[in-house]
Amino acid sequence: MGKFIDLTGQTFNRLTVVSRAENSRHPSANWNCVCSCGNATVVRGDSLKSGGTRSCGCINKEFCASGNARRIDGLSVSDKAAWKRRHYDMNPEKKAKKNRQTVILIRSALKTVSKQIRDGYGNRCSCCGQTGDLFLQLDHVFGGGRQDAKSHGTLAMYRRVVSEGFPNRYQVLCANCNHAKLRNRGVCPHAGFLGWHAEDLLSGCTAGT
Ligand SMILES: [Zn+2]
Ligand SMILES: [Zn+2]
Ligand SMILES: [Zn+2]
């Protein structure tokens, strides 16, 4: 533990230390400060000294209200992400352009990686042998594909399949087999097995699933 230094009366950027505050679990002491805007706040000594905390939060608030300023009172705004958000919110045309560019980039990346996947799995449906790029889809053999795409994003999911060298827990199916597999409890009906779900569907009862 470092030597205790009394910071009372000292000013760090917008904050002036008034008195010692109650300690937190952190080894560095807490200090009651008054901000030049008039707000009172409690700040840890090390963040006062390092400049990590420079105001009660009013610097970032002013920055947000100020459009594209990168500096307030000669202090740089630490939150680059906030600056970017603000920058693009203030420039709807730039924002739209950036969004368009992102969409184009993602689309072309998806195109490339889905071709790699089709090639990697033999360019045909592993169930019925159907060929043709537009018929083929990546399938998670043991299910969970939708959740996977939802939590990681389709592009990241495809890239992972490629980088793992096309493992056999994935396969390429035609849309027909893929959909029928989903409705038949994980087995394409081409396999000659009708799951309970399919029996319900065929008998016209779709409730309770
Ligand atoms: Zn303030
Ligand atoms: Zn098929
Ligand atoms: Zn099939």
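Visitor: Is threonine 16 buried, partly exposed or exposed?

Guide: This is a predicted model, in which local features need pLDDT of at least 70, side-chain atom pairs count only at pLDDT 80 or more, and totals for chains, interfaces and linings use all residues. Residues are numbered from 1 along each chain as its sequence is written, while chains are lettered from A and ligands numbered from 1 in the order in which they are written. A residue is buried if 20 or more other C-beta atoms, placed from the backbone, lie within 10 Å of its own, exposed if 12 or fewer, and partly exposed in between. Threonine 16 has 17 C-beta neighbours inside 10 Å, and therefore counts as partly exposed.

Visitor: Which residues does threonine 16 touch, leaving aside those up to four places away in sequence?

Guide: Two residues are in contact if their C-beta atoms, placed from the backbone, lie within 7 Å. With residues up to four places away in sequence not counted, threonine 16 touches Thr11, Cys33 and Val34.

Visitor: How far apart in space are threonine 16 and cysteine 35?

Guide: Along the sequence, threonine 16 and cysteine 35 are 19 residues apart. In space, taken from C-alpha to C-alpha, their separation is 6.4 Å.

Visitor: How many helices and strands does the protein have?

Guide: Helices (H or I, at least four residues) and strands (E, at least two) are DSSP runs, numbered from the N terminus. For the protein, the secondary structure comes to 8 helices and 8 strands.

Visitor: What percentage of the residues of the protein count as buried?

Guide: The protein has 209 residues. Of these, the share that counts as buried is 17%.
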